[in-house]
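Hello,

Here is the structure for you to look at. My notes follow below it.

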Amino acid sequence: MILVEKISRSYENDGDKTQALKEVSFKINSGEFVAVMGPSGSGKSTLLHILSFMDRASSGSYSFFGEKMEDMNDTELANVRNKEMGFVFQAFNLLGRSSVYQNVELPLLYSTILPSERKSLVEKAIKDVGLTEKTYVEAGRLSGGQKQRVAIARALVNNPNVIFADEPTGNLDSHSGENIMQILKKLNEAGKTIILVTHETYTAQFAERLIRLKDGEIEVDGTVKDILSKNYESK
Amino acid sequence: MKVNDSLKTALAGLRHAKTRAMLTMLGIVIGIASVILLMSIGTSAQNLIISQVQNIGSNLLFVIPGATQGSKFSPPASAFGIIIKTLKERDIEFFRKDPSIDKAAGEVHGQARAVYSNNDISVTYTGATGEYFDIINLEAEKGRLLNSKDDKSMEKVVVLGSEVAKKLFGEKEAIGKNLRLKNNSFKVIGVMEKKGMSAFGADLDNNIFIPMSVAQKQMLGIDYYSAAFIQGNNSYSIDFIKSRMTSILRQNHSITNPDKDDFNVRTQEDALAVLGSITSVLKIFLASIAAISLVVGGIGIMNIMLVSVIERTREIGLRKAVGATNADIMQQFLTEAIILTSIGGLVGIIGGAGFSFLIYLGISKFAVADWTFALPLSSILLALGVSTTIGLVFGIYPARQASRKNPVEALRYE
């Protein structure tokens, strides 16, 4: 379970203080598919970075499956990221000159999984996203949709509890985008918790729950169906 | 991250930027090759000098007239051209009578023009007796050496060093021919085998030898020696023989205060120690110059690694996002730097050794036949150690820069 209690995040730039998140609180249960939406500057990326242990809150408390972020050092955070989290980015973030296999294997290099067990895990993850025939192709040579599938395979290879997807369809055509969302939906049905940051209503529809942010605060938190059917207007 | 994975990752990183990696390595290759080359040549030169001194004779001691200033290895006054007249025949006679000494002989030197036919060269002539050749282990390649009869009867005969014979007579037979030395005619009775340098650094092959009596009385007009050579009796230790010689000289020269000795007794070991220390210092000096290029190479590595860290900011962000710790990132970049410098070091060692071998082929064929090829294991280990250390030292800063990157900012880097 993910438990966020009154977390705030502020940045200081040349003396100017920006409050990106203001005392945000919510709970996400294991196995949920949550979309985080909001206009630019609403704080959704900041929230995703904190939830994925890549950034720390300025105040408040964050517990990830019982582990409190504020009690952990950077190495412990890295270990949790490696074991419990998977990442899918808008810009794919693949090693372009490495093969699909090497890209998917990447998280395992930093894990305690034995090298002898890696091959089957990598091959299974690549198979799950339907790219077996591209296993040894350079990642840079793939299409956008294929690249994002490689990124999903990389996010899956460690069998994490939670997958964070930051605008995963942002750089894809609609067909490829739908394909990627279908994969994420299936993963959720298989028990994975998915936290999706998006600005596209269509993409958010694949989630069950929607948290909408505005100016660093939660504007609305409810089911996607309810919020989108009421055509909820921002305050 | 496991070492094996770290190596694979680092090698992949380098493979993706081959040209840059090779250019970066070049500085280390040149630096290490220079160190190896200079140390190899220095060791070959040291070996040559020491072997030539050792060839001169075993159980050898020598007396140099004049006091030394400073340490016992400081040169005596005679070495600076000051004429010291204290070493006389009487000293040599006393040496001969001592049971710890088998043979003793004086030595004098002079410079003259040696003329044969149209060939006119400047030579150093040495006044010598038969015993002199026995002590410093010189042999004639052709003809015979000087003997006591030549000395007693003041025969105008000469034994030529191998180089002098070549310069004066070329391929012709020298034995039996007459050459002119200071307007005196000397008959050539022998030609020496090739010998190289003496313990004093004199080039024996460019020397000629005439009877001591002729040199002292007719050529130089003196009654003293410029040096004396002694072959000790093997039943006695070198230190004992040295102390006996010192006692004899002090007694003959009426010296009661050891600080006022007007002579120096030195052993072959002393000479080897001096030569060894001189050549060692020279070797270190040469290697130090080469080491400067290694530092330059190291700075090159650091520079390129810093550029690489900036170029790969997003990669660093990604690795951190998927679980790499700061230590993992640091390990990856340090491994890359160490691989670069280690491979550079290996290539440098092979290159330096190859160059040194070519130089050996050239010198042994055209200059010094006794020149040997030397590649001390210590220099190879040193070069490998230094190159790896350079990778470590100059790789630390860029690796730290990489490891400290914030994953969020790194992933956003354009």
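Start with strand β10 of chain B, residues 263-267. Of its 5 residues, 4 are buried, so β10(B) is largely enclosed by the rest of the structure. Bear in mind that this is a predicted model.

What does β10(B) pair with? Its partner is strand β1 of chain B, residues 60-65. The two run in the antiparallel sense, with 5 bridges between them. One bridge to look up: B:Phe62 is partnered by B:Arg266 in β10(B).

Next, the interface. On chain A, 19 residues are in contact with 19 residues of chain B. Which elements of chain A give two or more residues to that side? They are α2 (74-84) and α3 (100-109) of chain A. The largest share, 6 residues, comes from α2(A). By residue class, the side of chain A that touches chain B divides into 8 nonpolar, 7 polar and 4 charged.

Now confidence. The predictor gives the complex an ipTM of 0.91. The pTM is 0.69. Chain B averages a pLDDT of 85, and 93% of its residues score at least 70. Which element of chain B has the lowest mean pLDDT, and which the highest? The lowest belongs to helix α9 of chain B, residues 268-311, with a mean of 81. The highest belongs to strand β5 of chain B, residues 157-160, with a mean of 94.

Best wishes

How values were computed
Residues numbered from 1 in each chain as written. Chains lettered and ligands numbered in written order. Predicted model: local features only at pLDDT ≥ 70, side-chain atom pairs only at ≥ 80, totals over all residues. Contact = placed C-beta atoms within 7 Å. Nonpolar A, V, L, I, M, F, W, Y, C, P; charged D, E, K, R; others polar. Buried ≥ 20, exposed ≤ 12 C-beta atoms within 10 Å, placed from the backbone. Pairing = 2+ DSSP bridges. pLDDT = per-residue confidence, 0-100.
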